[in-house]
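Take a moment with the sequence and the 3D view below. Then we will walk through the fold, step by step.

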Amino acid sequence: MGVMRRKLFYGIVLSAFLAVPAHAGITVEETTDPEYLINTGYSQLVAEDAFMLKNRAMGKPIEPLYETSSNKFVRLWKKFHAYVDPALDAQDRLHHDIKPYPSATDL
């Protein structure tokens, strides 16, 4: 009986060493990466919004992540509408840099 208990003890110790869990850590930087967001099921709009908010918080220039293509008529109409409507953002973006001082481009 002593030999069997010893083998059982060694078997339990060996299985405890083999069953050590793998601690796969993931950082906030990785979870807010646009490629990671798209691969986990979020849309391009959510990935672009997270990218722009992260750049705004870090003080980096805010540029769109994805460029949408459209024909000349649509681009012309958007530019015209942005020129006529002063409440509309010129780049037709949701996020833009707000300057606290007046400039010549405000006119």
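A residue counts as buried when its relative accessible area is under 20%. Keep that cut-off in mind, because it decides which residues we list for helix α4. Those buried residues are A47, E48, M52 and N55. Seen down the axis of α4, they fall within an arc of 130 degrees, so they line one face of the helix. An α-helix has 3.6 residues a turn, so residues three or four places apart point the same way. What does this face pack against? The buried residues of α4 pack against α3.

Now look at α4 from end to end. The helix covers residues 44-58, which is 15 residues. From the first C-alpha to the last, α4 reaches 21 Å. That is close to the 21 Å expected at 1.5 Å a residue. Just after α4 comes G59, with a positive phi of about 80 degrees.

Why does N55 count as buried? Its relative accessibility is 9%, and the cut-off is under 20%. Leave aside residues up to four places away in sequence, and N55 touches K60 and P61.

Step back to the whole chain. This is a predicted model. How many helices and strands does the protein chain have? There are 5 helices and 0 strands. Along the sequence, the pattern reads α-α-α-α-α. The chain has 107 residues, and 9% of them count as buried. Its accessible surface comes to about 9800 Å². Carbon and sulfur atoms hold 64% of that surface. Next, take the contacts with a separation of 6 or more. Residues 24 or more positions apart account for 31% of these.

Aromatic rings are another thing to look for. A search of the whole structure finds 1 aromatic pair. Its partners are F9 and Y10, and the pair is tilted. The ring centres lie 6.0 Å apart, with 50 degrees between the planes. Are these two residues buried or exposed? Both F9 and Y10 are exposed.

The mean pLDDT of the protein chain is 78. Of its residues, 79% reach 70 or more. Which helix has the highest confidence? Helix α3, residues 34-39, does, at a mean of 90. Helix α5, residues 72-84, has the lowest, at 79. Where pLDDT is low, the predicted coordinates should not be read in detail.

Terms used:
Residues numbered from 1 in each chain as written. Predicted model: local features only at pLDDT ≥ 70, side-chain atom pairs only at ≥ 80, totals over all residues. Heavy atoms only, no water. pLDDT = per-residue confidence, 0-100. Helix = DSSP H or I, 4+ residues; strand = E, 2+ residues; numbered from the N terminus. Buried < 20%, exposed > 50% of the residue type's maximum accessible area, 1.4 Å probe, protein only. Contact = heavy atoms within 4.5 Å. Areas by Shrake-Rupley, 256 points an atom, 1.4 Å probe, with all protein chains shown as cover. Expected span 1.5 Å × (residues − 1). Arc of directions from axis to C-beta. Phe/Tyr/Trp six-rings, centres within 6.5 Å; stacked < 30°, edge-to-face > 60°.
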